[in-house]
Amino acid sequence: MMELNSKQRKVLEKAAHGLQPVVIVGGAGLTEGVAQMIKNSIAAHELIKVKFNEYKDEKRELIEEVCNQFDITLVRIIGNIAILYRQAEKPDDRKFDI
């Protein structure tokens, strides 16, 4: 998991502002399918939002679990939406130069 400084966080937060959540955690919670969806989405987009419709009180623990499992960096949690980032493996595929 990558450590972000405050300047990097601000750049990513600004980039995420116009994004819609691509993964929604609902009544079933953070299932294996939802975790795989997060993994696939982050691989395709580098920066995603995950919205919590349920399990709002446990969102930080659930997101940290997924981040540790798939080497994803939590940028910030704003309300019930988590902003997640993982740098693309290939330098040519990188969208953010942080």
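Q: How confident is the predictor in the protein chain, going by mean pLDDT?
A: The mean pLDDT of the protein chain is 91, and 100% of its residues reach 70 or more; pLDDT is the predictor's confidence in each residue, from 0 to 100. This is a predicted model, where local features need pLDDT of at least 70, side-chain atom pairs count only at pLDDT 80 or more, and totals for chains, interfaces and linings use all residues. Residues are numbered from 1 along each chain as its sequence is written, and side-chain values use heavy atoms, leaving out hydrogens and water.

Q: OK, what's the secondary structure of the protein chain?
A: There are 3 helices and 4 strands, in the order α-β-α-β-α-β-β from the N terminus. Helices (H or I, at least four residues) and strands (E, at least two) are DSSP runs, numbered from the N terminus.

Q: Which elements have the lowest and highest mean pLDDT?
A: α2 has the lowest, 93, and strand β4 (residues 81–85) the highest, 97.

Q: Switching to helices: at what angle do α2 and α3 pack?
A: About 60 degrees, with the axes of α2 (residues 32–45) and α3 (residues 59–70) 11 Å apart. Axes are lines fitted to C-alpha atoms, for helices over the stretch in contact, and angles run from 0 to 180 degrees between N-to-C directions.

Q: Which residues meet there, α2 to α3?
A: E32, A35, Q36, I38 and K39 in α2 meet V66, Q69 and F70 in α3, with contact meaning heavy atoms within 4.5 Å.

Q: And what does the C-alpha trace span along its principal axes?
A: The protein chain's trace spans about 35 × 25 × 25 Å.
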